[in-house]
Amino acid sequence: MSDQQHIYPVRDDIAAKAWADKDTYQAMYQRSVDDPDGFWAEQARQLEWFQAPSVIKNTSFASNNVDIRWFEDGKLNASVNCLDRHLASRGDRPAIIWEGDDPAESKTLTYRELHERTCQLANALKELGVGKGDTVTLYMPMVPEAAMAMLACARIGAVHSVVFGGFSPDALAQRVQDAASKVVITADESVRGGKQVPLKDNVDAALTREGTEVAETVLVLQRTGGQIDWKDGRDVWFHELVDKQSTDCPAEEVSAEDPLFILYTSGSTGAPKGLKHTTGGYLLQAALTHQYVFDYRDGEVYWCTADVGWVTGHSYIVYGPLANGATTLMFEGVPSYPTNGRMGEIVDKHQVSILYTAPTAVRALMAHGDHVMDSSQRDSLRLLGSVGEPINPEAWEWFYRVIGKERCPIVDTWWQTETGGIMIAPLPGATDLKPGSATLPFFGVQPALVDNEGHLLEGASDGNLVVLDSWPGQARSIWNNHERFVQTYFSTYEGMYFTGDGCRRDEDGYYWITGRVDDVLNVSGHRMGTAEIESSLVAHEAVAEAAVVGYPHDIKGQGIYIYVTLDDQHEPSDELKKELTQWVRKDIGPIASPDVIQWAPSLPKTRSGKIMRRILRKIAANECDGLGDTSTLADPSVVEELIEHRANR
Ligand code: 6R9
């Protein structure tokens with residue numbers, strides 16, 4: 001495609017002021033892979049340590065011994081790095097600017113205020129019996145208290161597990177149980193797009209599920225004042241407990257390899273995995289990438305539109321920016337409320353310099369036409385960022401031309417929950433941009449492409465994306481299940497970390513992520529396993545069998561296409577489609593809502609009984625001419641029937 005050839009060279013004025021120009025990037029990158037110990041020892045001085053590390057990198061990707069440690073004899077505290085360290089130099093500068101769902105509501109917390117509130121909350125957690133190594137589950141709206149809760153856990157050495165506020169009670173219950181959290185922090189309700197979401201009701205429902213008895217206390221923030229049930233002895237009002245606490249809370253000295261948080265994400269099979277991130281390496285990766293990729297300058301307002309329930313919110317709303325003493329904007333609402341111009345209006349209102357968002361948000365705005373941005377000027381913007389899924393060149397160009405008024409470079413950042421921080425992305429002063437490409441690796445990251453047999457591919461090629469050696473922000477394990485960690489990421493290609501993504505490398509060495517090669521869907525940037533949705537569906541009494549695939553969707557990137565085989569007792573009907581849709585929404589959450597349900601009298605299977613997803617994907621994408629080899633199917637006529645009744649044409 002010709003627009004993929006379009007190159008935007010680094011502008012001289014940007015390179016002149018940037019943290020890294022081309023030569024600096026080249027030199028730093030080379031050193032980071034030639035001498036990781038030297039490079040990372042130096043970079044680690046960016047953080048404040050109680051005890052500086054002397055051992056830097058100690059990592060093994062061998063499948064019989066996956067063991068990842070960085071800075072292992074160092075001692076530090078993440079909340080000290082994000083708060084205390086900045087008090088003397090910028091205590092009265094804004095740390096968090098909060099913009100409410102309602103455009104009339106916003107507030108600013110300085111570093112000093114955020115520090116005091118975090119200490120109070122940390123003391124409150126201690127009073128509830130939370131100590132070092134205990135887990136705390138957060139099920140919160142996008143309010144500053146969510147960041148405070150994360151930092152308060154970090155302060156006392158507790159491990160937070162943030163669960164996205166759009167997940168269902170069952171999904172929440174599963175995570176509370178797996179992490180064995182004694183305390184759950186939530187709010188009465190959250191507000192998004194003018195609608196209330198009953199967070200506390202969901203927690204109440206979750207905690208009736210088996211296995212969640214460990215949760216002794218629910219700390220409830222009053223956000224809306226909405227009606228909620230109250231369980232005496234278990235429920236505690238946030239303000240009643242926190243406001244009376246001392247604003248002084250000495251920080252726990254934790255080891256660099258002590259866990260900072262767990263974050264659940266979907267894989268291709270089984271229950272969601274709780275990725276374990278530790279303190280030193282993660283924090284350094286988040287801070288360093290935030291500084292270099294966004295070329296952050298002191299005093300700027302930086303806005304990442306993600307939710308704190310996802311890894312992007314962890315690294316680029318909370319830890320990265322706060323470790324760098326930045327001003328981070330936190331938005332409670334959605335880009336389409338009250339009008340589609342909201343994003344630009346927020347940029348103007350708070351004079352945002354850097355806007356980091358998702359392709360799905362860009363495409364949703366683009367669908368309304370260029371005038372959708374007319375209610376704002378956006379002259380404060382200097383840099384744009386994209387994350388969560390591949391950004392198609394057309395959306396990239398629109399982002400660049402309309403939102404950034406052709407003045408702002410776009411950093412397309414490829415990374416994962418597992419990687420902790422950005423892995424492949426341009427640096428604004430160093431990397432020429434190609435729309436649709438995440439470009440080149442960050443310091444210390446050694447991406448490579450392999451074919452299905454694990455042979456390394458050289459030069460321009462197309463293959464599976466792997467990473468050859470460890471980087472500090474890498475997840476160390478899966479909570480309670482190291483074996484699954486090894487199995488999932490290190491057993492496909494021996495000695496390499498397998499990302500699950502397909503990728504092309506062009507003649508300039510630029511990386512173009514082509515999407516997941518496993519059974520993971522990416523819907524509006526949200527990761528979901530097809531297996532999770534299938535197991536929800538087959539739990540419905542009418543469903544005999546179900547197969548879930550993704551298909552190209554103009555706005556969401558991928559839509560959810562479901563093939564359902566009913567049992568003998570049930571007949572297809574529109575009511576049943578609605579019922580199944582509600583069923584999945586209730587079971588997993590609204591993000592898993594099916595876009596298309598097709599009744600399938602039977603599913604295409606191999607003779608050994610495996611569902612041929614490749615074929616189902618093609619039919620869902622309406623690409624019925626290129627179905628490939630169907631000779632291994634037990635009954636090829638099944639395919640004809642599905643093609644005839646396909647729902648997407
Ligand atoms: C940070 C985050 C990870 C998956 C990843 C890939 C896709 C993320 C991307 C991208 C192309 C980008 N992905 N960023 N694909 N270009 N810039 O999104 O983490 O929720 O774990 O998802 O998202 O497929 O493997 P996570």
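As α5 passes α12, which is the crossing, left-handed or right-handed?

Reply: The model is predicted, so local features need pLDDT of at least 70 and side-chain atom pairs pLDDT 80 or more, while totals for chains, interfaces and linings use all residues. Residues are numbered from 1 along each chain as its sequence is written, and side-chain values use heavy atoms, with hydrogens and water left out.

The crossing of α5 past α12 is left-handed; that is, the near helix is turned anticlockwise from the far one by less than a right angle, clockwise being right-handed. Helix α5 covers residues 78-90, and its axis is 8 Å from that of α12, at an angle of about 50°. Axes here are lines fitted to C-alpha atoms, for helices over the stretch in contact, and angles run from 0 to 180 degrees between N-to-C directions. The two helices are therefore oblique to each other, given that under 35 degrees counts as roughly parallel, over 145 as roughly antiparallel, 65 to 115 as roughly perpendicular and the rest as oblique. Helices (H or I, at least four residues) and strands (E, at least two) are DSSP runs numbered from the N terminus.

Now the ligand. The ligand is surrounded by 17 residues, of which D412, T413, T417, D501 and R527 are the closest; a residue counts as near if one of its heavy atoms lies within 4 Å. By class, the shell holds 6 nonpolar, 6 polar and 5 charged residues. Ala, Val, Leu, Ile, Met, Phe, Trp, Tyr, Cys and Pro count as nonpolar, Asp, Glu, Lys and Arg as charged, and the others, Gly among them, as polar.

A polar backbone atom of P390 is 3.4 Å from a ligand nitrogen. On its own the ligand has 530 Å² of accessible area, and the protein covers 96% of that, by the Shrake-Rupley method with a 1.4 Å probe. Helix α12 (311-323), the partner of α5 in the packing described above, and strand β27 (511-516) are the elements that give two or more residues to the shell.

Methods: A polar contact is a pair of N or O atoms within 3.5 Å; within protein, one must be able to donate a hydrogen and the other to accept it, and residues adjacent in sequence count only if both atoms are side-chain atoms.
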